[in-house]
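I opened this entry to keep track of what I looked up.

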Amino acid sequence: MSQAGLERRRVLAAGGALTIVGLAGLSLPARAAALAATPSMRGGSNNYIPGAPVVEKIGGGGFWMSGTVRRAGDGAPLAGQRIQIWAHTTEGSERDMRSHGATLTDANGVFRLEMPQIVPALGQAHAHLAYDSGEFDTVFLRPLLPSPKATSLEAHFVLQAV
């Protein structure tokens, strides 16, 4: 191979490497900045009771509610965030205090709480979840179960700082 051919290969390799580094540098901050806050859902705050206590379990259990809590913008997991959960279950109406409880996120921003089986109310099996602790904007969610026979449901929060 000639000296000119070798130099051409080096120039092309260096240009390709710079292009890859440049694109990675441009795309990572843009992806993080695109993580928008979760909006509250219509009907999410129905029968909300402020200050529901943090509990190990609601009622007899059998249904698992879980999810994650992250910060808008950079997507960092948020530890120690209080998520209140309530629903119409086999043990009570979503208006009953005994159907409400709260849990805290772990170091990875994950929460999980066992509660009685959710049953349909007004034709839909659904849960209610709220972040309402004040460091971030309040968010109410009302996700539907894929089936009234489902025994778990996930909901995810992305919170915007106040």
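**Entry: the sheet**

I worked on a predicted model. I looked up the sheet and found 4 strands in an open arrangement, ordered β3-β2-β5-β6. Their pairing is antiparallel.

Which strands stand at the edges? I noted β3 and β6, and β6 covers residues 139-141. Each has a single partner strand, so one side of each is left without a neighbour in the sheet.

Next I took the pair β5 and β6. Strand β5 runs over residues 127-131. I found 3 bridges between β5 and β6, in the antiparallel sense. Ala130 stands opposite Phe140 in β6.

**Entry: Thr103**

I then picked Thr103, which lies in strand β3, residues 100-104. Is Thr103 buried or exposed? I noted a relative accessible area of 9% for Thr103. The cut-off for buried is under 20%, so Thr103 counts as buried.

What does Thr103 touch, leaving out residues up to four places away in sequence? I listed Val54, Gln81, Arg82, Ile83 and Ile85. Phe111, Arg112 and Leu113 are also among its contacts.

**Entry: confidence**

I checked the pLDDT last. The chain mean is 87, and 80% of the residues reach 70 or more. Over residues 14-32 the pLDDT is below 50. Beyond near neighbours in sequence, this stretch has 2 contacts in the model.

Technical notes
Residues are numbered from 1 along each chain as its sequence is written. This is a predicted model: local features need pLDDT of at least 70, side-chain atom pairs count only at pLDDT 80 or more; totals for chains, interfaces and linings use all residues. Side-chain values use heavy atoms; hydrogens and water are left out. Helices (H or I, at least four residues) and strands (E, at least two) are DSSP runs, numbered from the N terminus. Buried means under 20% relative accessible area, exposed over 50%, partly exposed in between (1.4 Å probe, protein chains only). Contact means heavy atoms within 4.5 Å. Two strands pair if DSSP finds at least two bridges between them. pLDDT is the predictor's confidence in each residue, from 0 to 100.
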